[in-house]
Every structure is written in structure tokens, then in C-alpha cells.
Amino acid sequence: DQLEDIKAAGKIVTATDMHYAPFDMLNNGTYEGMTKDLFDEVAKEIGVEPVYQDIPWTAELPGLEVGKFDIVIAPVTITPERLERYSFTPPIADATVALVKAAGNDEMTAPEDIAGKTVGVQQGTAQFRQLQAYGETLGGVDVKEYGTTDEAYADLATGRLDAVAGSLPNLTYLVKNRPETFAKFEPAQFGEPTYFAWVLRREEESETLLAAIEDAMAKMTEDGRVEAIQTKWLGSYTELPATAPGQ
Amino acid sequence: MFSIQAFLDSFGPLLWAARYTLLVSGLGIALGLVLGALVCAAALSRWRAARFVAALWVSFLRGVPLLVQLLLMYYLLPVIGINVPAIVAAVVTVGICASAYISEIWRGAIGALPPGQSEAAVAVGMNNRDLWTRIILPQAVVMSLPALVNELILLVKASSLVSLVGIMEVTRASQAQAATTFRPLEVYIAAACIYLLINLCLAGLGRYLEHRMAV
Amino acid sequence: MDWDVLRQYAPILLRGFGITILAWAFGTVFGMALGLVISLAQRYGARPVRWVLQAYIEVVRGTPFLVQLFVLYYGGPLVGLRLDALPAGLVGLTIYGSPYFAEIFRSGFDAVPPGQAEAARAIGMAEPAIVRRILLPLGLVSALPALVNFSIILTKETVILSVITVPELMYQVQRMSTETFRYLEANLVLALFFWGLVELISRGGRRLETRITRHLLERPGHG
Amino acid sequence: MADASSVEIRGVDKFYGSFQALSAIDLSVPPGKVTCLIGPSGSGKSTLLRCINFLEVYDSGEIRIDGRMIGYDAPGGRRMSGGALRRMRQSIGMVFQQFNLWPHMTARENVAEGLLRVRRLRRAEAMARAEAALEKVGLGDRMDNHPARLSGGQQQRVAIARAIAMEPRLMLFDEPTSALDPELVGEVLGVMKTLAGEGMTMVVVTHEMGFAAHVADRVAFMDRGELVAVDTPEAILTRPEDPRIQSFLRTFHERNSF
Amino acid sequence: MADASSVEIRGVDKFYGSFQALSAIDLSVPPGKVTCLIGPSGSGKSTLLRCINFLEVYDSGEIRIDGRMIGYDAPGGRRMSGGALRRMRQSIGMVFQQFNLWPHMTARENVAEGLLRVRRLRRAEAMARAEAALEKVGLGDRMDNHPARLSGGQQQRVAIARAIAMEPRLMLFDEPTSALDPELVGEVLGVMKTLAGEGMTMVVVTHEMGFAAHVADRVAFMDRGELVAVDTPEAILTRPEDPRIQSFLRTFHERNSF
Ligand SMILES: Nc1ncnc2c1ncn2[C@@H]1O[C@H](COP(=O)(O)OP(=O)(O)OP(=O)(O)O)[C@@H](O)[C@H]1O
Ligand SMILES: Nc1ncnc2c1ncn2[C@@H]1O[C@H](COP(=O)(O)OP(=O)(O)OP(=O)(O)O)[C@@H](O)[C@H]1O
Ligand SMILES: [Mg+2]
Ligand SMILES: [Mg+2]
Ligand SMILES: O=S(=O)([O-])[O-]
């Protein structure tokens, strides 16, 4: 059983892509961010030491499947396709898709203004699906896919893109850091509400670990630790479901 | 637009990460040179089996992207019960991959030596080891130096792929830095400067050897 | 193995492979041509020209392709150079390959015994003709394996074009794997497609090699 | 054949680092005459020959061909332009001590190359003239061999054919018969005699005293980078005054008598 | 010096593709004697010499050195092992027509290499013997030059020094004096005479009829891959019966008289 193994070893091995602000960041070589604060507490509740590893996104799920780590703590958007293959922990943040544009671009304000424009998005993400679906309702949006959101932001800065779609927390952090270059839409969000959560292998072995994490997070929500952490990194608190919706 | 401050600030974390770039590419180069010599010897051997193995080795390792080789080494070996630490997997994969390219470079240089050179050695009854270490390699290595330096420089840069198994080398560190500052251009140029520094040393060493060993 | 996924993605994978081959061929042909020009300019050029070219070689060779492409594509517009993804990728690949090719040509030329060019110079042959008729064919003998080697390395460098959204093979494979989680299949596709391409290139190279060296290396003779 | 060239060499020095390979060489080669350079190994014969067509850069002095200085625009002046040097070389032929055949071309192609690229003859004509030149040196049946598939003497003859096919006005031979058997030496020397008779100027580095005696108009003896003596063949070869020449010749006579 | 070797050649054929370079060669080289191979260019002299130490693979017949067959374990049998071939070659020296000096080593290092690696002498001793050998051929002042910085004749002398320093029991010379001036030819032939006198077996491809006449115990004349005649020097050189030999020699005499 995975939980027993972890406790016997005294540590839980995690993987995340340490460049997705404000969840996972490297600040002068030190790992920090909302994910870390949350998972530190979760590990404390379970009674093990967390081991943090920086793994590029493309290698995370394959590595999880062959047992290179116990859990992927990168914020992963919960989608029906992924639910078929993986187990999700309770949500850690709102992942609803939102839009940014270049600062000083007054031509567009609301999301529907992207009709007929070129919008960048990270390849293969839930945000991509939602942007595409939304584009169709608007009668066509030229969607351009990038390997990471950072490249999409760079192309927005060069003027090749009119807007970039991403998760709200990430966009908020971007605009906070470079207000001279980027600005949010009003309102920023569109589409279905979705959530970020952590990922476990979908197997019997992992069920007790999932239960332990669910318990820990429920406890943390209750005693206000989640609220404190969210406020620290996102500037506000949103109440989240106690288990992964749809699981 | 271009922020000098962001550019300069990047150097701290990037230089720290350069340890791993140096470690992985340094050990990878060492392993690649040794294995490359062996593979080249096999490719030129009298035994058909050795030649076949060498051809397969070169064909597979040059044919399959390093990325895939790394994933195989790190993520697929555990499936059959072999588990290696990330840094070992990284060095071994980089070294093995380099050996294929290096052996081809040496094979080419050796093939271009005039046959009279080894005939003169064979005619005095020199054994194979001396023939290689004294006559063939000194000439072939000098001739192949520019191509070899090319390959080693590529190797230093290719070592960035090992971030895939969780090693924080320069490229990876620069991506992380870019994602927090949202200033990729400045950060990447800083990373390029670090690579350039390492590679200038390699190129300089190559030129020095070329001049010293030239006749 | 999930054949359905592969069948479903086959059209975009093949299109991606087509772009990969296009990028490789373009980068090899033009990178080689530019490299040849550089190596000749270094051989015959005045001292300042040689210095400038040497600096070009060290800088372009010493920095990662990813960064060069990033600077060209995302930094270019800052100074008014606005290229689309595919042209930027092709230009980038050409520039990136040129110093490597230049160094290989240089060592090939250096390996030609000086008497060969002297014999041509002594009858008053023009330098361009000497390059074309004597230096190139003889320099190729020792340079060809290294040229093929590097051309093979260029096939792998094309995957970096995905960073600037060129829909080559890597881009499409990544898309397949993030959409379907078929990592094994994705890597298999990458491995097989590249292996096939590289096998073709190295076979072609071997062919050329035996053709070129057939007459040269049979017996001592200073010719 | 065009007019033969004259060569004037005045005070030529040549250094390899600190080693002086030529010291203050003075030599006139009159047009249409054969001048032989003889002397011990390492005395600078090849170096001097290579200075005449400026394959070797001389450090001081001057070398003039038909009155025109080669290599520099004036004594101690700037280097000559590439094009001007090329045009001067087009009327100078050379047979190298090490042959320097092009290994990627057949015997015929080696000879035709200069006719095609420099004389700009049409392909068929160049090939025909190449074949004629190869026939002349007895290689009619080896025209399609590459150099690696030719014996030493055959290679040397291709090198000779390559030079004479260009019909230069001045010909520089560096030991053109070293790899030849006595019979062929005779034939090749015959070819050279004919050329000399037709009025081509020739400078020949040779160890063939017989050739020097029979064909040369003048013989120059070199030793340690210096020109010891220049005179008629009889003067140098049969009643030499310099003891260095005397000892040089003694061994030759001993050896070749039987 | 160790005992001299004998060489027995029986019915040796050698083909390059369809071209027959050697046809049914029979030749005995008695121990401690000098055998000269003469003949026109392209007649197969170098090829035969190279078959003796199996640098060239012969197609049929047998070559025995001191009774032991070289290259194969029996006539028409399997190839000899690498080690056995190497041991046989250690007592055979060779001077190549094209010298084949190692360009990355100085003259001294070229000569010392075999002493160090094959004879396994200590460094100081190898160097001392290399220097002695170079002195012998008159190169005492050029020992630190690389081959590219030596004149043609100097290169050839390094090649000779390299071979004699090994003190082989059988020596194969391929035109060892082609690049030498008459004086040096005399000296080098002197060295060879001494070696012959000390009982080294020698096979010498040469165009030096004088050497053949004075030093050789037997002279073999080759033409178009065939061994036309083997006999004493007088028989071959002064009263040859075969018309091919007669014409071969005629030109030689004409040329060398003055
Ligand atoms: N690799 C080869 N392929 C085809 N023919 C060859 C090859 N090597 C040599 N030959 C031919 O074999 C014949 C004998 O060559 P070899 O070198 O033995 O002549 P040789 O008697 O030494 O002549 P020389 O005195 O000119 O050196 C020549 O006609 C030559 O053209
Ligand atoms: N690149 C060089 N560097 C130093 N010394 C050199 C160089 N080239 C030639 N020499 C020396 O210059 C001298 C003259 O050489 P050169 O080739 O002119 O002699 P040579 O008279 O042609 O002799 P040979 O008859 O042996 O060919 C020799 O002593 C040689 O060692
Ligand atoms: Mg010379
Ligand atoms: Mg020969
Ligand atoms: O002179 S060329 O015709 O070869 O250019």
C-alpha cells in the first residue's frame, strides 16, 4: 500500500514544474509558491517529509505512471479525460480560463472582443479546449498553440498575438509583475468553472494515500490554513469543493 | 524594453545551475570519448560481429532523439526492474549518445589517412596497439579536432535535456527564472552567455591542441 | 499500444514529419552553403574579415539554438525584424548550422596536402577553380563523415522549432501526448520517424563516401 | 610555340625561420636554353626552382621573367596581385619532385585539367591533347588509371605530360627522372631535348650528370644555399676548379662505370 | 648481427582486378647476398618487393623466408595469424619508394620509433641509436626537422636510416637512391655495401646500374610482370642475351658517358 510505504520511508516524493507562478517558482534557486506552502502542511498532517523535484511538465505524468514519484503536485486542471486515467486530490485553486492583452490596448475589453483575433494558449491544456469552444460560439477565433504559456506571453509582447488565454491565478501574477506590458480583460474569465488539483496514480494501492490527503486538506480548510495561504499568494480566498468534482 | 537589471539579476541562479551543466557535460564528454574510441575500434575491426554491433550502436544512438533515449533510460528501465538515480541516468545517456557521433568522426579521420602510413609501421612488425596509439591516432586526432570540438560544444548544449529527469541545469534554471520574472529574453540571453563562456574554453582548448600538434 | 490514437493522429503526425524534413533539408543545404562561404572567406579573406568571422563562429556555435531562435523570433520585433514562425525557423536553422559546417570544411581543406593546390597554382589556375576542382573534392574525403554527422545532428535540432510554434513533428507529437496521455506511443513515433530519416541520411553518406574515396586510398602514392 | 622566356635572378635570399636556405643567388637563364641545377641534397635546388614561379616567397633580391619581376611589384615592394601572378604562371610549367598528381583524377584528367581551366580549350580538344602528351611519355595504355594505381615511374611520367601539354615558355623540372628506369630516362630526356631544340627555356634540377652533359647549355652547381659556379657543362663537369664540385663528381664516375 | 635470411619465391601470381601484375615468379635469394631487381617502369618490381613482406597479398604460389611461408599457413591455405605475421616482419626491413615517413614525428623520432616499440629498447638507447643511424646517412644536423621541412633527398635518407637502425636480417629497398645526388648515392651505396658485407640479405629495386654491377651478387630483370632472367651482374649487365635487356641497357650507357 502506497501510504504505508511512504510512512515507512518517512518521506513523500513529489514532482512539479517549478515555473508556473504563483504556484511553483524558483526564487534564486529556492523553491517557493502556493503549492509548496499547501503541500508542506499536507505532508505535516500525514507525518512525512516532502521531497520536491523540478520535472518539466511533459515528463511528469509519464514519470508518475512508472513510479518515479508518489504524486504530481503541479497544478493540473481537472478534466473528464484525465479523470479516466488518473486520481485527483481535492482542488487547490480555481483554474477557470481567463484572458490577458497588451497594456494600452483599448480596442478589446470584454472576452467576447476576441472574435476574429489571434489568441495564444498552452498546447494540450484544458484552457485550450475551452478557448476553442468559446471561439466557436463567437464565430471564430484564430487559436495559436505554444509549448508553455511563457512563450505565448512573449509573443503577446511582440504583437504577434492579440490576447493569451490561461488560468486566472497565473494571469493575475503576470499582470502584477509586468503591468507596463500586460493587462487583464474586464471581466477576465470566461467559460466553465474548472479547478486545479494534484494527481495520483489511479490504482487500488493509492486509495489510502488519496484519502489521507483529502482528510488533511479538509482539516486545513477548517482551521483556516488554506485561506491564509490562498490570500498570501492569490490576494483573495475562494472556497473550493472538498473532493475533485466528477471523480 | 530590454531590462539590463533583469539580465544581470539572472546570473546568480544561472551560475549556480551551471554546476550541473558542467558536471553532466564533463562526465558525459569523458564517457563519450572513451566509448567512442571503443565503438570506432569495433567499427574498424576485422570481426564481422564487432562491426555489426558498432553499426547498430551508431545507427540507434544517432537515429533516436536524445530526449527519447533519456526517457527510455529513466522511465522505461524501472518497468523492467532497473532503477538508476537521475544524475547517473543523465551522464550515462549523454555519454553513450555522444560516443556514436564521436566514433563516426574518428572513423572518418582514420579513413582519410594515407595507407602508406600504417604500411610503414606494419612493415617493421609494430603491434596493433602501437600502430594505433603511435601512428594512426596522433594523426587522425589532429585531423579530427575541429569536428570533435564541434561535437563537444553540441554536447554541452545538449546536456540541457537532462532537466527532463529533474536536474536543474542552466537551461532549466533559465526557464524557471523566466517564468517568475516574465522576462524570457533577458534571462535566455544571460543563459547564452554562460554557455558561450564554457564553449569558448572548449574551442580555445581545441585551437591550442590543433596548433601544438600540427606538423 | 493504442493503434486507434495513432490512426487518428496519423495525418497531423505525417504533416509534422513533412515539415521536419523540410526544415532539415533547408538547414543542411543553406547552412552548408553559408558554412562553405565562411570557411573560404576565412581562408582567403583579409585579417579583419577573418577575425569577424571567427567571432561569428564562436558566438553562434557556443550558444544554444533555443536561445538564438528565441532572440530571433521574440526579440526580433523589438528591433523591427518581424518574421513568421516557419521562415524564422528556417533562417535560424541555417544560421545555427553554418559555423559547424564552416569548421568542418576548414579541417577538410587543411587536410589536403599543400602540394595539391601548388600544382594547380603553378599552371596559373584561378583560385575559384582551384577550390572547385582540387580543394573541395579532396577536402570532402576527410570532411564527409563529419558533414553527415552534423547533418544528422541538425535533424534533432529541428524539434526546437516547436518553441516558436512551427508545427513540425515534435510539436504534433507533444500535442498528441498532452491530449491523449499516450506517452509510449508518442515517444515511439518520435524514435521511429527520426531513426528512419537518420538511417536514410547515413546510408546516403556512406554511399557518397565510398564513391569519393574509391580511387584515393588504395595504395600509397603521393599523387 | 611561343617565344621562349628569359629568367634573371639577382641577390635572392630565402630563410626558413633562422635557417638560410638561399644566400644571394645570382643567375641568368637565357631564353631557349637549358640550365641544369646540380648539387648535394639539401643545397637549396628545389627551393630556388620554387622561387622562380613564386611558390616559395623569397625574402630579398629579385627574380625577373622576361624582364618582369615575379611576386613583387618592385624590389622590396608590395606583393603582386593574384591575377597578375596567375597570368605570369600561365606561361611557366613545373614538374614537382613529389609529382603532386591530383589523386581524384585519372591520368588523362590530370593532364587535361590545365588545358580546360587555364587554356580554356573545349573538352574534346583538351582530351585529345592530353592523350597525345601521355602517348609521348609512353603511357598510352594507362590513361584511365588513377595515380594510386600507377607505379612510381608511371606517376612521374604523368606529371611530365601534365606540364608539357600546357606548352609553357619556361619549364621548371625538379628531378624529372628520379623514379624512372634507365630506358625511360632516355626517352624522357629525349622528349626534353626535343623541347629544348624547339626553343623552350628550361631549368632542370637533376642528378643525371649525363643529361647535364649532353643537353644543358649551362650548369649551375649549388652547395649549402650558395651558387658555387655557373658555366658550360664541360667547364663544370670535366674540368671543375672548385674542390666541392670535384668531390661531388668523383663518386659519380666510380659508380657508373662497369 | 643475427644470421641473414633466405627468400624463396615459387610460382607467385598477383592480379589487380583483371590486370596481371606478376606472372609465375620464381626467384631464390640466398642468405647474406644482394639481389637487385631491375626492369622498366611498371614491370612489377615494387609489387614483387611488397609481396615479400606480404604488404601486397599474392594470389597464388608461395614465398618462404628461412623456409617459413609468409602470409598463408600453407600453399593455397588459410591466412596467417596477425601475431605470426608480425613476428616474421620484425626481422624484415623496408625502404619505400614513396618514403612513407610519419609526418607527426621528427627525423629522430621516425628512426627511434621502431626501436622503442618493436625492439623495446630504453628511450635513451633508442635515441642514441637513431642519432647514430642519421649521422651515418649525413643527417646529423637535421634530426629535429619534421619531414615536411626536409628536402626530398633528406627525406629519403631518413627512410633509409629508419630501416637500417632496426638491423633486420632481410632488407627490402625500393629505389633507395632515387632522390639522392650522385655524391650521396655513393655514400648510401657505401652504407649498403657495408651491410651486405656484414651478411645482411638484401633485395634492392634500383635503377642504379653501377650499384647493381658493383655490389649485387645476382641481378634479376623483370618485364611486364615476368621475371625475364636472373644471373650474375656480369651476365646480365655486360653480355645480356635477351634483346629486352640489351635495349634497356643501351640507353643507359649512352646517357652516362661524358
Ligand atoms: N592498385 C592497382 N590497381 C591496378 N593496377 C595497379 C595497381 N597498382 C599497380 N598497378 C599496376 O601494376 C604494374 C606494376 O606496378 P609496380 O608498382 O610493381 O611497378 P614497378 O616495376 O615498381 O614500376 P616503377 O619502376 O615505375 O616503380 C603497373 O603497370 C601498375 O600500373
Ligand atoms: N619548411 C622548411 N623549414 C625549414 N627548413 C626547410 C624547409 N624546407 C626546406 N628546408 C631546408 O632547406 C634546405 C634546402 O631544401 P631544398 O628542398 O631546396 O633542397 P634540395 O637541394 O632540393 O635537396 P634534394 O636534392 O634533397 O631535394 C634543406 O636543408 C631543408 O632541410
Ligand atoms: Mg629537392
Ligand atoms: Mg616501383
Ligand atoms: O575557371 S573556371 O571555369 O573553372 O571557373
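This is a predicted model: local features need pLDDT of at least 70, side-chain atom pairs count only at pLDDT 80 or more; totals for chains, interfaces and linings use all residues.
1. **Basis.** Local features need pLDDT of at least 70, side-chain atom pairs count only at pLDDT 80 or more, and totals for chains, interfaces and linings use all residues. Side-chain values use heavy atoms, without hydrogens or water, residues are numbered from 1 along each chain as its sequence is written, and chains are lettered from A and ligands numbered from 1 in the order in which they are written.

2. **Where ligand 2 sits.** Ligand 2 lies between chains D and E. There are 20 residues around it (a heavy atom within 4 Å). D:S46, D:T47, E:S151, E:G153 and E:Q154 come nearest. Helix 1 (45-52) of chain D and helix 5 (152-164) of chain E each give at least two residues to the shell. Helices here are DSSP runs (H or I, at least four residues), numbered from the N terminus, and strands are runs of E with at least two.

3. Twelve of the shell residues around ligand 2 are polar, four are nonpolar and four are charged. Asp, Glu, Lys and Arg count as charged; Ala, Val, Leu, Ile, Met, Phe, Trp, Tyr, Cys and Pro count as nonpolar; the others, Gly among them, count as polar.

4. **Polar contacts of ligand 2.** A polar contact is a pair of N or O atoms within 3.5 Å. On chain D, a backbone N or O atom of D:G44 is 2.9 Å from a ligand 2 oxygen. A polar backbone atom of D:K45 is 2.8 Å from an oxygen of ligand 2. On chain E, a side-chain N or O atom of E:S151 lies 2.6 Å from a ligand 2 oxygen. Taken alone, ligand 2 exposes 650 Å², and the protein buries 90% of that (Shrake-Rupley method, 1.4 Å probe).

5. **The magnesium ion.** Ligand 3 is coordinated by D:S46 (OG) and D:Q97 (OE1), at 1.9 to 2.3 Å. D:S46 is in helix 1 of chain D, while D:Q97 is in the loop between strand 6 (92-95) and helix 3 (107-117), 51 residues apart. Donors are N, O and S atoms within 2.8 Å of the metal (3.2 Å for Na, K and Ca); water is not among the atoms, so sites may look incomplete. Both D:S46 and D:Q97 are buried (under 20% relative accessible area, 1.4 Å probe, protein chains only).

6. **Ligand 5.** Residues from chains C and D surround ligand 5, so the site is shared between chains. They are C:A129, C:R132, D:R117 and D:R120. One is nonpolar, none is polar and three are charged. Taken alone, ligand 5 exposes 200 Å²; the protein buries 72% of that.

Methods. A polar contact is a pair of N or O atoms within 3.5 Å; within protein, one must be able to donate a hydrogen and the other to accept it, and residues adjacent in sequence count only if both atoms are side-chain atoms. Buried means under 20% relative accessible area, exposed over 50%, partly exposed in between (1.4 Å probe, protein chains only).
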